Amino acid sequence: MAERSGEILLNGRPRILTPGQSLAQLLVELELDPRWVVAELNGEPLGRDRFGSVTLQPGDRLELVRPVAGG
Amino acid sequence: MTGFGEELAALPMEELLRVATEAAPDTVERALAREPLDLFDFAALLSPEAGRRLEDLAQRAHALTVQRFGKTVQLYAPLYVSNECVETCTYCAFSRTNPIARKTLTPEQAVAEARLLRARGFRHLLIVSGEHPRHVSPEYLGTILRALAAETPSLSVEVQPQTEEIYREWTAAGAEGLVVYQETYDRDTYARVHLAGKKKDFDWRLATPDRGAAGGMKRLGIGALFGLSDWRQEALRLAAHARYLVRRYWRCFVTVSFPRLRPAEYADTLARHPLADADLARLVCAFRLLLPDVGVVLSTREPAQLRDGLVRLGVTQMSAGSRTEPGGYSAPEVPTGRQFEVSDERTAGEVARTIRELGFDPVWKDWEAALRG
Amino acid sequence: MTDLLRIADREFRSRLLLGTGKFPSLPVMRDALDASGTEIVTVTLRRIDLDSPEPNLLEFVDRDRYLLLPNTSGAEDADDAVRLARLARAAGLSDWVKLEVTPDPRWLLPDPVETLAAAERLVKEGFTVLPYIGADPVLAKRLQEVGCATVMPLGAPIGSNRGLKTRDSIAIILEQAEVPVVVDAGLGAPSHAAEAMEMGADCVLVNTAISVARDPVEMARAFRLGVEAGRAAWRAGRAPERAVGEGAEASSPLTGFLRGTA
């Protein structure tokens with residue numbers, strides 16, 4: 001897939017990026033409680049303490065994951 | 001993971017000993033029927049009450065032995081290469097200050113001994129020596145092993161404890177088995193009978209099988225010298241050690257042995273805690289029940305009639321026709337330099353014949369590495 | 001008398017681990033966890049469905065009371081499993097991980113080769129690793145050697161509720177184990193759990209048998225009792241069975257040789 005500027009790949013789907021947006025700000029926009037969110041940015045796990053300081057860049061691959069019921 | 005030293009310290013000895021001395025008939029009955037047994041069941045089998053059930057114990061042990069090993073007894077011969085020793089062990093003729101005739105075989109002499117043993121049928125040799133860093137150096141033993149490996153299918157060593165690196169060199173040279181007896185698992189007794197030398201270090205010796213396994217040894221032999229300390233305590237700790245080795249080194253074949261003190265030149269071999277024949281028989285059975293796949297080794301320290309009887313209870317390996325001095329097979333008339341006096345003085349051929357009469361097959365060589373090198 | 005389960009550096013009173021999957025609702029799950037007495041519960045990581053957010057599992061699991069054990073469910077190879085474990089740790093869930101590598105979608109049987117590879121990597125990265133495996137004694141030893149905190153052999157395929165179909169192999173694993181053995185998967189009834197515990201298993205993990213029961217909360221309580229009964233029986237040392245219908249085999253005395261010796 002050709003990479004378009006100003007977009008990130010969020011959970012496998014393209015999403016227009018607000019310039020300079022931090023991960024914490026994105027979570028607010030998505031109405032997700034950061035306490036329950038597990039994030040992986042470009043294949044690397046991201047601790048919750050870094051949500052506010054990480055600024056998303058065009059082309060980033062972001063996975064937002066959470067714990068669910070399982071055996 | 002922790003080593004056996006920690007496990008030994010953590011054994012609930014007080015409770016185990018209570019069972020080993022006071023077990024009620026029901027407790028013994030249950031232990032006899034359990035599968036697998038735990039250490040408390042094993043303790044019950046050491047109790048006086050279990051002494052009254054010896055025949056039942058023997059029947060169970062016999063059935064298990066035949067199931068796991070078939071009706072076979074493997075024969076091996078000790079090959080003493082040196083009686084030089086820097087240790088001071090009160091019970092041993094090789095002890096440093098004893099004025100025995102000292103001798104260290106050259107590789108050629110060792111090969112000559114091995115050839116005599118091979119002519120008698122032996123394919124499994126146990127290389128034995130005193131503990132002397134110069135006369136019996138790791139390099140010397142490596143040379144001996146290489147010289148013997150060429151014509152001996154199976155080699156074990158019972159010599160001074162070494163490092164993992166040296167064991168790796170020895171296994172590369174052809175050794176497959178490592179035998180090291182703790183002598184006694186009671187630290188106080190250990191200190192009382194090991195007066196000087198490297199052997200004073202209880203924990204270094206205790207961890208020797210671990211280093212051997214790490215160095216590539218395929219068979220690990222342990223044992224206690226019975227007579228030095230309370231036999232029930234020794235048996236419990238020896239059992240715990242064997243069980244630890246079986247679990248940790250699951251690729252290895254583990255053997256146990258229960259040598260009893262024998263007269264030896266210049267040595268103090270008075271058994272302060274004697275182990276009676278019937279109790280030795282019980283140990284053979286109890287170990288078989290606790291650890292059905294562990295080999296039980298019996299040497300010529302024991303008299304012929306007793307050895308023959310124990311074959312059916314669980315003994316899986318026996319020495320025969322043994323000489324306990326360096327060069328003893330080539331020059332049997334040499335009067336001194338033996339480690340201890342053998343009791344069963346029959347020739348290997350006679351022992352093999354008796355084993356056959358008992359309905360068992362004497363095995364000179366049970367296996368050989370499929371590939372070497 | 002205290003009889004604590006010790007895994008790695010932690011101690012637990014309960015010997016029943018619970019999975020959180022397939023409950024009719026999160027409140028029912030919460031009540032079942034409570035009734036089971038469990039102290040360790042497994043959870044899974046999944047991508048958030050951004051279109052239809054669901055209620056949060058963790059609001060129903062009191063983390064002061066339960067140790068969360070993230071699993072690597074969904075991993076098809078070692079790389080997947082390591083990635084999921086790292087995510088769970090980064091998210092502050094736990095550095096304990098129930099390692100599951102199940103490329104087979106039909107039976108969810110664990111891949112032994114990938115599981116061993118992943119275990120080795122995760123132990124090196126400092127995880128406390130609890131691997132889910134087929135009841136293979138040699139694999140169990142290999143996993144202990146690389147430093148796993150437990151081994152978790154299956155009694156029967158996940159969700160099959162068939163009980164201890166692997167009984168003989170589990171007996172060998174127990175005989176050889178140097179770490180706690182958790183019988184995981186396939187236990188369908190409290191009697192199955194009791195049977196595993198009577199054999200000497202250190203604990204069991206149950207999910208479907210509870211979550212899919214008509215009354216999960218009552219079944220959770222039943223499993224608690226089954227596990228406790230089995231554990232107590234193991235500690236008590238069960239009485240031996242007596243063979244029925246087999247004639248006693250007459251054998252000649254074996255100890256006659258001792259007469260006349262010292």
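Two exercises on this predicted model follow, each with a worked solution.

**Exercise 1.** Describe the interface of chain C and chain B by its contacts, its buried area and its salt bridges.

*Solution.* 
1. The contact set comprises 24 residues of chain C and 26 residues of chain B.
2. The area buried between these chains is about 2,200 Å², with 56% given by carbon and sulfur atoms. On the side of chain C, the residues that lose the most area to chain B are E178(C), L254(C) and F257(C), together 30% of what that side buries.
3. Two salt bridges are found across this interface.
4. Of the side of chain C that touches chain B, α4(C) gives the most, with five residues.

**Exercise 2.** Determine which elements and residues join chain A to chain C, including any strand pairing.

*Solution.* 
1. In contact are 24 residues of chain A and 28 residues of chain C.
2. The buried area is about 2,400 Å², and W36(A), R66(A) and G71(A) supply 28% of the area that chain A buries against chain C.
3. The count of salt bridges is two; the side chains of E40(A) and R83(C) meet in a salt bridge at 2.6 Å, N to O.
4. β3(A), β4(A) and β5(A) each supply at least two residues of the side of chain A that touches chain C, and β5(A) gives the most, with seven residues.
5. β5(A) also pairs with β4(C) in the antiparallel sense over five bridges; A69(A) has V43(C) as its bridge partner in β4(C).

How values were computed:
Residues numbered from 1 in each chain as written. Chains lettered and ligands numbered in written order. Predicted model: local features only at pLDDT ≥ 70, side-chain atom pairs only at ≥ 80, totals over all residues. Heavy atoms only, no water. Contact = heavy atoms within 4.5 Å. Buried area = accessible area lost by both parts, 1.4 Å probe. Salt bridge = Lys/Arg side-chain N within 4 Å of Asp/Glu carboxyl O. Helix = DSSP H or I, 4+ residues; strand = E, 2+ residues; numbered from the N terminus. Pairing = 2+ DSSP bridges.
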